[in-house]
Amino acid sequence: MITRTRLAAGACALLAALAAGMAFPVGASAGEPTGEDAPKVDLVLDVSGSMRTRDIDGGTRMAAAKQAFNEVLDATPEEVQLGIRTLGADYPGDDRKTGCKDTAQLYPVGPLDRTEAKTAVATLAPTGWTPIGPALLKAADDLDGGDGSKRIVLISDGEDTCAPLDPCEVAREIAAKGIGLTIDTLGLVPNTKMRQQLSCIAEATGGTYTSVEHTDELTDKVNQLVDRAADPVVTPVATEGADACAKAPTLKSGLYTDREEFGQQRWYRVDVEPGQELRASVSVGADRAVNPSYGVLLRAVTVHGREIVRGEAAGNGRTDVLSTGLRYPKAESDEDGAPAEGVCLQVTNSFSVASGVKTTPGLPLELTVDVVDGPGDSDDVAAFGLGRGWWLLGLLVLVGFVAGLLWGWLSRWRFAIWRTN
């Protein structure tokens, strides 16, 4: 009886899964890659003296990093150009000025010779300081040029020892260049201060931070990040909004990045033809400590200043990114050759910071603009507020009906067996 019960439950689950698959088809990608250049990855490894510590699977942190690198090099996709940069690998002395310049390209970014790269990694021995900021600046230069995706993967077991060159500020400067470079960070057996610093570096460029305490975790995460670099991406285009609608740059469909000062307004313009629909969204990131209670406003207005539609969102300090969006369908025109309408997008934020926190450069802003053909047929418009949701509703009703029949049949069968026994 237990077997029959599981079969019935499995049948219900299968029907539900089929219904979900039919109701939610795989969506098309939001855009196409902006170039055909090979993706580039620079692995930046901390080789400072603390990497001698034996607290990862019974071995040293350096041994875990070497093992992970060897496995990653074997699994790197052919299309990825990979390089390896070190920090703290060469200078063993106590002179801080010299130690904070200790970063070098161990293996140049380019087509991967796995044997040569492994040989270079095998020579590494924990040595000196932890100049994360200088290493990130050099790594950004390593990846300069080309339109393909660019990713730095920083692996460290401690915070930077070369202040006042704050690595978080370095990451913000790299992001402000608008070159589409992402920095991911991995902390080996992290403490609170290191976790905060590595998280800040990653967040400044839209990357990720991961704590690592085992060799297999390090291998899996670095492999994942290298593979991600090979995925097709849409590279944002750097733009600069104006302080008024009349001066705003005209944008076409695409993904754009900008910087917005605290409390500032940024204006952009989009031309919308009759029968088209404008879809726009904006995300503003808090890449430094901000006061709680903040908001983002996105408005679409005519060139004469009349508001068409708006989207707004409020935050309370629990998230580092705040997003909102809007849609504006422009009606068809009876006149042939009717001109496009200039629509101005206004982005405003209400972030603020405590005294002593830097306000420059401005907050990172990402704007998505999509101009598509507007709804024309009756099938394209909402029916009683559900639109194509009626298909989902019908499928759910059908699944519920079949599941009810199966459950009723199972219950009657169980009752008959009980009476027989």
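**Entry one: a pair of strands.** I began with strand 13 (residues 294-302) and strand 16 (residues 341-349), which pair in the antiparallel sense over seven bridges. Strands here are DSSP runs of E with at least two residues, helices are runs of H or I with at least four, and both are numbered from the N terminus. Two strands count as paired if DSSP finds at least two bridges between them. I looked up Leu298 and found that its bridge partner in strand 16 is Val347.

Before going on, I noted that this is a predicted model, where local features need pLDDT of at least 70, side-chain atom pairs count only at pLDDT 80 or more, and totals for chains, interfaces and linings use all residues. Residues are numbered from 1 along each chain as its sequence is written, and side-chain values use heavy atoms, with hydrogens and water left out.

Which order do the four strands of the open sheet follow? I read 11-16-13-14, with antiparallel pairing. Strand 11 (265-272) and strand 14 (307-315) are at the edges with a single partner strand each, so one side of each has no neighbour in the sheet. Direction ignored, neighbouring strands are turned by 15 degrees against each other on average. For such angles, axes are lines fitted to C-alpha atoms, for helices over the stretch in contact, and angles between N-to-C directions run from 0 to 180 degrees.

Next I found an open sheet of six strands, ordered 5-4-1-6-7-8, with mixed pairing. Its edges are strand 5 (103-110) and strand 8 (209-212); each has a single partner strand, so one side of each is left without a neighbour in the sheet. From one strand to the next, the twist averages 15 degrees. Strand 4 (residues 81-87) pairs with strand 5 in the antiparallel sense over five bridges, and Thr86 has Ala104 of strand 5 as its bridge partner. Helix 7 (residues 192-204) packs on this sheet and touches strand 6 (150-156), strand 7 (181-188) and strand 8. The direction of helix 7 makes about 165 degrees with that of strand 7. Contact means heavy atoms within 4.5 Å.

I then followed helix 2 (residues 61-75) and helix 8 (residues 215-230), whose axes come within 9 Å and cross at roughly 35 degrees. On the helix 2 side, the contact residues include Ala64, Ala68 and Val72; on the helix 8 side, Leu218, Val222 and Val226 are among them. I also checked the length of helix 8: at 1.5 Å a residue, its 16 residues should span 22 Å, and its end C-alpha atoms are 23 Å apart, which agrees. The expected span is 1.5 Å times one less than the number of residues.

Leaving aside neighbours within four places in sequence, its contacts include Asp55, Asp157 and Leu188.

Val170 sits in helix 6 (residues 167-176) and is buried too, with a relative accessible area of 2%. Not counting residues up to four places away in sequence, Val170 touches Gly133, Leu136, Leu137 and Leu165. Val170 and Leu136 are 34 residues apart in sequence, yet 7.3 Å apart in space, C-alpha to C-alpha.

Definitions and conventions. Buried means under 20% relative accessible area, exposed over 50%, partly exposed in between (1.4 Å probe, protein chains only).
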